[in-house]
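Q: I have the sequence and the model open here. Can we go through the open spaces first and then the packing?

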Amino acid sequence: LGILPEDWIERLSQFFFAAEIIGEDLGTPRSQFDAIAQLYKEAELDDEVKDSIRTYRQKLANLEAIKPVAAPAGLRANLRNYQLQGLSWLNFLDDHNFGGVLADDMGLGKTLQVIAFMLLLKEKGRSETHLVVVPTSLLFNWQAELKRFAPSLKVCILHGAERKKALPAFEHFDVVLTSYGTLLADIIYLR
């Protein structure tokens, strides 16, 4: 038995806040690179981690230097310059396994940018199913936009009282569209 100093408890709680428990280990995701640099002493980090932190800081310090990507060939739309920047931003985040937010004023084409990003991932050979959760009022707008701009993407709408009669195998779809209410009701199934 012993008494841990308050500063130890504070430092250890920061480790747990920035990381996740994986079996017996504590793993800090790369997206928390700034927290890693602050929490760990220089001597506690290996050269690979130090290089990663330096690389992330350099790339995020100069967002104009993000490598531009071309609109995917399957996209049936011409993206404006700011939409191509948004697509490049999403691609940059994906390349580094970061989560992120695409935020802009209403009416500037965030839906189209996300559709373009899903197509880009498919053209890169990634065959994952994307879950799109929107207000019920936007479900059919998203369905129409997907059909219009990316008809090659296979879409499943998971909504309404009849949805539980024939639950689909999601791996056969590129996109699953659902509403917030349905997500809450079907969270176990969707998980």
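Q: How much space lies in the largest pocket?
A: About 510 Å³ of space lies in the largest pocket. Of the 24 lining residues, Lys110, Thr111, Val114, Val132 and Trp142 are the closest to its centre. This is a predicted model, in which local features need pLDDT of at least 70, side-chain atom pairs count only at pLDDT 80 or more, and totals for chains, interfaces and linings use all residues. Residues are numbered from 1 along each chain as its sequence is written, and side-chain values use heavy atoms, with hydrogens and water left out.

Q: What counts as a pocket, and what counts as a cavity?
A: Both are found on a 1 Å grid over the protein atoms alone. A pocket is an open set of points with protein on both sides within 12 Å along at least five of seven lines, while a cavity is a set where a 1.4 Å probe fits but cannot get out. Lining residues have an atom within 4 Å of a point. A volume is the space filled by probe spheres set on the points, which are joined across faces, edges and corners.

Q: Which elements each supply at least two residues of the lining of the largest pocket?
A: Those are α5 (110–123), β3 (130–134) and α6 (139–149). The largest share, 6 residues, comes from α5. Helices (H or I, at least four residues) and strands (E, at least two) are DSSP runs, numbered from the N terminus.

Q: How do the residues of that lining divide, nonpolar, polar and charged?
A: Into 15 nonpolar, 7 polar and 2 charged. Ala, Val, Leu, Ile, Met, Phe, Trp, Tyr, Cys and Pro count as nonpolar, Asp, Glu, Lys and Arg as charged, and the others, Gly among them, as polar.

Q: And what volume has the second largest pocket?
A: About 300 Å³. Its lining includes Leu90, Phe98, Lys110 and Val114, and α4 and α5 each supply at least two residues of that lining.

Q: How many cavities of 30 Å³ or more are there?
A: The count is 1. The largest cavity holds about 40 Å³ of space, and its lining has 2 nonpolar, 1 polar and 4 charged residues. Among the residues that line it are Met118, Arg126 and Asp174.

Q: Now packing. Which residues touch the most other members in the largest nonpolar core?
A: Leu75, Ile115, Met118, Trp142 and Leu146, out of 23 residues in that core. α5 gives the most to this core, with 8 residues. A nonpolar core is a set of buried Ala, Val, Leu, Ile, Met, Phe, Trp, Tyr and Cys residues joined through side-chain atoms within 4.5 Å.

Q: What does Leu146 touch, leaving out residues up to four places away in sequence?
A: Leu146 touches Ile115, Met118, Pro151, Leu153, Val155, Val175 and Leu177. Contact means heavy atoms within 4.5 Å.

Q: Is Ser88 buried or exposed?
A: Ser88 counts as buried because its relative accessibility is 6%. Buried means under 20% relative accessible area, exposed over 50%, and partly exposed in between (1.4 Å probe, protein chains only). Ser88 is in helix α4 (residues 81–95), and its side chain reaches the backbone nitrogen of Val69 at 3.0 Å.

Q: And where is Lys59?
A: Lys59 is in helix α3 (residues 47–61). With 36% relative accessibility, Lys59 counts as partly exposed. Not counting residues up to four places away in sequence, Lys59 touches Phe92 and His96.

How values were computed:
A polar contact is a pair of N or O atoms within 3.5 Å; within protein, one must be able to donate a hydrogen and the other to accept it, and residues adjacent in sequence count only if both atoms are side-chain atoms.
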